Amino acid sequence: MSFSAADHAFMARALQLAERGLHTTTPNPRVGCVLVRDEVIIGEGWHERAGDSHAEINALRDAARKVGAGGTAQVGSAANMGTAQNATAYVTLEPCSHHGRTPPCADALIEAGVSRVVAAMRDPNPLVAGRGLARLAAAGIAVEHGLLETEARELNIGFVSRMTRGRPWLRLKVAMSLDGKTALANGQSQWITGPDARRHAHGWRARSCAMLTGIGTVRDDNPRLNVRDIETPRQPLRVVVDSRLEISPDAAILKGGNCLIACAVPNPEKEAALRERGADVVMLPNANGKVDLPALLQELGKRGINEVMTEAGLKLNGSLLRENCVDELLIYQAPVLLGDTARGMADFGNLTELAATKRLKIVESRLVSADFFIRARFA
């Protein structure tokens, strides 16, 4: 399918709009929409948060405002008619065709009289999955998709993961020395990297739906695992893997609630105490009496979690890697050496041959002040 330079420019704008919902749309995808007639933008919109209007409706309202409709256009209202007549709608995700918290966007575009819809990608949600584009085509609207699809998929990689695999996209973040060490032998790790690298990592925290750590990190570092260094309208869920429910009720991570403890051994008294602190407790044992990590990811998927960021120690990191739970690595490497006795990033067993190593593909690398940032995925 061939797209013009103008098509690319308008879809790029729609993607810029979609990114404005980076921290707010969970569990929904980040979506932007641009309405164009005679190669002039007549309306723009993006999905701001779950439960609010979708991108297409906001773009139609924007178009209505610009022609003096007062900004009250709703699906089925006269204000929606004519403002986008014969326009092209550039949408970063296929318009929905089902009634959820809001009415179908495909119907709104049909009613508005658009003549063409270009979607960056099909919606992986089984409730949509091509039905939105089919409804538009059945109404006589020219339908195309696949423009800047890679960029649109990356923007919603967690949503795509949850829709297709039933589990969120998991990023494992590590701050390490140049020789691959994450803490001294005594456990001291604050701070290996500098403040700019930590601020950069908080940007990844802010876009995540959940932060994941282990009881060892909670015990050693007593982290809050919240977003502090940048502005954000919401805080991610904090998840602690704690097989035997050893967490202290006074742990900093429990403050403010919004915390999930995954355990493997029942302890009704401790569970009750944690729930009194506002935490939720879920039991997910595996055959070895540890927390079943793949089952935990499936549980998070059921709770609408799209993206998870892990900040943990070498034991949980190693378990996540061994059990193929990690999708992406975020590595911050400082120009410092900690030596052989220091702790490594992950314990995933004693490899005896290079063929068993985990090969990675670097998708991004750059300096963050004095530290080096690497984003990598498994090849």
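Are Tyr332 and Phe373 buried or exposed? In this predicted model, Tyr332 is buried, and Phe373 is buried as well. A search of the whole structure for aromatic pairs returns two. In one of these, the ring centres of Phe10 and Tyr90 are 5.4 Å apart and the planes meet at 40°, so the pair is classed as tilted. Phe10 belongs to helix H1 (residues 5-18) and Tyr90 to strand S3 (residues 88-91), so this pair ties together parts that lie 80 residues apart in sequence. Phe10 counts as buried because its relative accessibility is 12%, under the limit of 20%. Tyr90, with a relative accessibility of 3%, is likewise counted as buried. Tyr332 and Phe373 also form a tilted aromatic pair, with 4.8 Å from centre to centre and 35° between the planes. Here the link runs between strand S13, which holds Tyr332, and strand S16, which holds Phe373, and the two residues are 41 apart in the chain.

Aromatic rings also take part in arrangements with charged side chains. Arg20 lies over the face of Trp46, at a distance of 4.6 Å from the ring centre. In a second case, the charged end of Arg198 sits over the ring of Trp191, and the distance to the ring centre is 4.4 Å.

Charged residues were next examined for pairing with one another. Side chains of opposite charge can pair when their charged atoms come close. The structure contains 30 salt bridges. One of them joins Glu144 and Arg116, whose closest N and O atoms are 2.6 Å apart.

Arg377 and Glu328 are both buried. For Glu328 the relative accessible area is 0%. The side chains of Glu328 and Arg377 are also joined by a polar contact of 2.7 Å. When residues up to four places away in sequence are not counted, Glu328 touches Trp169, Leu170, Arg171, Leu172, Val363, Arg375, Ala376 and Arg377. A network of salt bridges links Glu328 and Arg377 with other residues, among them Arg30, Glu154, Arg171 and Arg207. Glu307, Glu364, Arg366 and Arg375 are also included in this network.

The salt bridge between Arg49 and Glu48 has its closest N and O atoms 3.8 Å apart. Arg49 is partly exposed, because its relative accessibility of 39% falls between the limits of 20% and 50%. Glu48 is partly exposed too, with a relative accessible area of 32%.

At the start of H10, a side-chain oxygen of Asp292 comes to within 3.0 Å of the backbone nitrogen of Ala295. After the helix comes Gly304, which has a positive phi, near 80°.

The cysteines were then considered. A disulfide is a covalent bond between the sulfur atoms of two cysteines. The structure holds zero disulfides. For Cys33, which is in no disulfide, the nearest cysteine sulfur is that of Cys105, 8.5 Å away. Cys33 counts as buried, at 0% relative accessibility. Cys105 is in no disulfide either, and the nearest cysteine sulfur to Cys105 belongs to Cys96, at 3.7 Å. Why is Cys105 not joined to Cys96 by a disulfide? The distance of 3.7 Å is not within the 2.5 Å required of the two sulfur atoms, so the pair does not count as a disulfide. Cys105 is buried, with a relative accessible area of 0%.

Definitions and conventions: Residues are numbered from 1 along each chain as its sequence is written. This is a predicted model: local features need pLDDT of at least 70, side-chain atom pairs count only at pLDDT 80 or more; totals for chains, interfaces and linings use all residues. Side-chain values use heavy atoms; hydrogens and water are left out. A salt bridge is a side-chain nitrogen of Lys or Arg within 4 Å of a carboxyl oxygen of Asp or Glu. Buried means under 20% relative accessible area, exposed over 50%, partly exposed in between (1.4 Å probe, protein chains only). A polar contact is a pair of N or O atoms within 3.5 Å; within protein, one must be able to donate a hydrogen and the other to accept it, and residues adjacent in sequence count only if both atoms are side-chain atoms. Helices (H or I, at least four residues) and strands (E, at least two) are DSSP runs, numbered from the N terminus. Rings of Phe, Tyr and Trp (its six-membered ring) pair if their centres lie within 6.5 Å; planes under 30 degrees apart count as stacked, over 60 as edge-to-face and the rest as tilted. A charge sits over a ring if NZ of Lys or CZ of Arg is within 6 Å of the ring centre and within 35 degrees of the ring normal. Contact means heavy atoms within 4.5 Å.
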